[in-house]
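Subject: A structure for you to look at

Hello! Here is the structure I promised to pass on to you. Please open it next to this email and follow along as you read.

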Amino acid sequence: MHVHRATSVRQAATMMAALGAGARFLAGGTDLLIQLRRGALACDHLIDIGRIAGLDGIAIEGDAVRIGALTLHHAVERHAGFAGPLRSLIEASRVVGGWQVRNMATIGGNVANASPAADLVPVLLSLDATVELTGADETRRLPLPQFLLGPRRTAARRDEVLTACHFVPPAGRHATAFLKAGRRKAMEISIVNVAALLAVDDAGRCRSARIALGAVGPVAFRATDAETGLQGGPLSDEAFEEAGAAAAAASTPIADVRASAVYRRHLAARLTVKTLRLCRERLQEVA
Amino acid sequence: MSTRLFRLHVNGAVREVEASESATLLDVLRGPLALVGTKANCLEAECGVCTVLLDGRAVTSCLVLAAQCEDREVVTIEGLAEAGEPHPLQSAFLEHGAVQCGYCIPGMIMTAAGLLREKHDPDDEEIREAMAGTLCRCTGYGKIVAAIKAAARNMRQGR
């Protein structure tokens with residue numbers, strides 16, 4: 001296997017086009033190198049994009065947030081701008097792997113990997129994020145749901161590098177939360193993970209609800225039926241229970257070594273309710 | 001398998017080593033550089049025994065390619081002592097009896113070294129969170145946490 005270092009996105013894209021199907025982009029490497037060692041993946045060339053300038057960092061301009069693809073999980077965990085209503089980003093980042101992994105693993109990698117259990121993905125879905133894809137000749141943006149096609153499958157063209165995630169938080173009072181279920185608190189691949197965003201009007205009624213679930217389907221998804229049920233109504237326990245039931249109904253979990261499908265579906269409902277309650281509590285904090 | 005020459009900065013010295021192009025930092029440390037204080041175990045960042053500092057951050061060297069480390073500073077357990085004096089973490093682990101079989105201790109100390117570079121006064125919760133990816137199967141975590149707290153205190157007091 002050959003390892004090439006790219007110093008620009010354009011160079012990485014050109015290398016990928018030239019090297020063909022046997023090449024993969026390498027950023028943090030915390031998933032890719034495991035897959036290669038296990039023999040789950042094979043490749044002839046790795047194109048190291050980990051040190052391309054300008055792909056690292058979090059920028060907040062006006063309302064718009066840009067998280068560069070090479071931003072480490074650690075950087076998101078520590079970002080003061082996410083300590084308020086955008087806390088779900090911190091909550092998801094800090095449960096990815098251990099301390100050492102979060103010092104290497106990138107946000108772009110967590111998304112581009114397209115693992116159904118990726119922890120940042122439900123959060124970014126709940127923030128209506130788009131992904132920025134850069135090829136040799138053009139940059140385009142895709143809504144995250146259009147980017148994620150299936151387990152480990154994305155809409156990125158071969159030569160495109162995921163260069164950033166973008167989102168604009170909703171105007172007005174809002175809160176977010178993220179919860180995941182695993183066998184232990186640290187170092188776990190999620191059995192189920194849920195991210196939610198609730199925005200309210202002055203009367204405290206739900207202006208907008210966004211609920212996203214991971215590890216209960218081939219791709220993480222927005223539970224739109226659950227969201228619609230909350231829209232315009234009060235943030236009551238009853239409404240949350242209905243949203244939980246709707247989220248479970250939208251789930252299509254598999255049974256695997258981590259959990260049965262029945263348990264996952266149960267968790268989808270309960271974690272949705274808990275996440276929504278957490279958002280409600282946080283809305284009180286900022287009231 | 002194609003090999004190449006890597007130029008690495010390890011424990012303050014420039015080292016040139018020949019290794020497979022896809023060698024990990026761990027492979028190079030324990031192989032040609034014979035720095036075997038860094039342990040090789042799970043090779044999937046589950047256990048933390050291969051932890052080293054890369055540009056001052058604790059990383060598992062099993063999941064970093066040597067190719068990703070060129071022009072970056074690597075510090076291993078062998079490079080932590082200064083001028084013959086043990087690092088405050090090393091002293092504190094000894095004083096607190098935080099070592100049982102010892103196998104995980106280089107990884108523990110390097111993970112803690114990364115934490116203390118970032119947080120000078122971590123509380124128990126922060127220590128436990130930072131150490132969550134570094135496993136001790138003797139399960140002597142209580143003394144390890146106490147040793148890290150003591151080392152942090154000593155370092156703040158300039159000892």
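In which sense do strand β3 (residues 51-54) of chain B and strand β4 (residues 57-60) of chain B pair, and over how many bridges? They pair in the antiparallel sense, over 4 bridges.

Before going further, a word on the source: this is a predicted model, in which local features need pLDDT of at least 70 and side-chain atom pairs count only at pLDDT 80 or more, while totals for chains, interfaces and linings use all residues. Residues are numbered from 1 along each chain as its sequence is written, chains are lettered from A and ligands numbered from 1 in the order in which they are written, and side-chain values use heavy atoms, with hydrogens and water left out.

**The hairpin in chain B**

Strands here are DSSP runs of E with at least two residues, helices are runs of H or I with at least four, and both are numbered from the N terminus. Two strands pair if DSSP finds at least two bridges between them. Within the pair above, B:Val52 has B:Val59 of β4(B) as its bridge partner. β3(B) and β4(B) form a hairpin with 2 residues between them, and B:Asp55 in the turn has a positive phi of about 50°.

**Helices in chain B**

Two packed helices are described by the angle between their axes and the distance between the axes. Axes are lines fitted to C-alpha atoms, for helices over the stretch in contact, and angles run from 0 to 180 degrees between N-to-C directions.

Start with helix α2 (residues 88-95) of chain B and helix α3 (residues 105-118) of chain B, which pack at an angle of about 130° with their axes 10 Å apart. α2(B) and α3(B) are therefore oblique to each other (under 35 degrees counts as roughly parallel, over 145 as roughly antiparallel, 65 to 115 as roughly perpendicular and the rest as oblique). By class, the contact of α2(B) with α3(B) has 8 nonpolar residues, 1 polar and no charged (Ala, Val, Leu, Ile, Met, Phe, Trp, Tyr, Cys and Pro count as nonpolar, Asp, Glu, Lys and Arg as charged, and the others, Gly among them, as polar).

α2(B) also meets helix α5 (residues 141-156) of chain B: their axes come within 8 Å and cross at roughly 135°. That makes α2(B) oblique to α5(B), and their crossing is right-handed. On the α2(B) side are B:Pro88, B:Leu89, B:Ala92 and B:Phe93, which meet residues of α5(B) including B:Ile148 and B:Met155. The contact of α2(B) with α5(B) has 10 nonpolar residues, no polar and no charged.

**Sheets in chain A**

Next, chain A. An open sheet of 3 strands has the order β1-β3-β2, with parallel pairing. β1 (2-5) and β2 (23-26) of chain A stand at the edges, each with a single partner strand, so one side of each is left without a neighbour in the sheet. The twist averages 25° from one strand to the next. In this sheet, A:His4 stands opposite A:Ile47 in β3(A).

Another open sheet has 4 strands in the order β11-β12-β13-β14 (chain A), with antiparallel pairing. Strand β12 (residues 192-200) and strand β13 (residues 206-214) of chain A pair over 8 bridges, and A:Leu197 stands opposite A:Arg210 in β13(A).

Enjoy exploring!

How values were computed:
Left-handed = near helix turned anticlockwise from the far one by under 90°. Contact = heavy atoms within 4.5 Å.
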